[in-house]
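Colleague: I'd like to learn how to read a model like this one. Could you walk me through it?

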Amino acid sequence: MDTSQHTLQTLFAQLGLPADQESVETFIANYAPLPQEVALPDATFWNAAQSSFLHQGIEDDSDWAEVIDELDALLRH
């Protein structure tokens with residue numbers, strides 16, 4: 001069982017993206033606002049593996065789902 005703390009930084013690392021606070025903030029600033037009609041995993045800025053991970057995390061209501069939802073909310077504003 002994975003007992004590690006999932007944060008935006010660990011999510012970005014899992015997605016293979018720069019995961020320091022400044023990089024996360026820059027990513028959000030560059031890609032927000034995400035249109036309401038586009039599901040987060042379907043956004044054009046993800047590669048296939050990243051999209052799949054996000055889809056799976058949401059579908060399975062995995063340990064990652066909460067932080068994926070957090071990223072989704074940040075990208076909607």
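**Contacts, charges and cover**

Modeller: Let's start with F12, which touches L17, P18, A19, V24, F27 and L71, leaving out residues up to four places away in sequence; contact means heavy atoms within 4.5 Å. This is a predicted model, where local features need pLDDT of at least 70, side-chain atom pairs count only at pLDDT 80 or more, and totals for chains, interfaces and linings use all residues. Residues are numbered from 1 along each chain as its sequence is written, and side-chain values use heavy atoms, with hydrogens and water left out.

Colleague: Is F12 buried or exposed?

Modeller: Buried means under 20% relative accessible area, exposed over 50%, and partly exposed in between (1.4 Å probe, protein chains only). F12 has a relative accessible area of 1%, so it's buried. You'll find F12 in helix α1, residues 8-14.

Colleague: How many salt bridges does a search of the whole structure find?

Modeller: Side chains of opposite charge can pair when their charged atoms come close. Here a salt bridge is a side-chain nitrogen of Lys or Arg within 4 Å of a carboxyl oxygen of Asp or Glu. The search turns up 1: D72 with R76, at 2.6 Å, N to O.

Colleague: Why are D72 and R76 separated by about one helical turn?

Modeller: Because they're 4 residues apart in helix α4. D72 counts as partly exposed, since its relative accessibility is 21%, while R76, at 18%, counts as buried.

Terms used. Helices (H or I, at least four residues) and strands (E, at least two) are DSSP runs, numbered from the N terminus.
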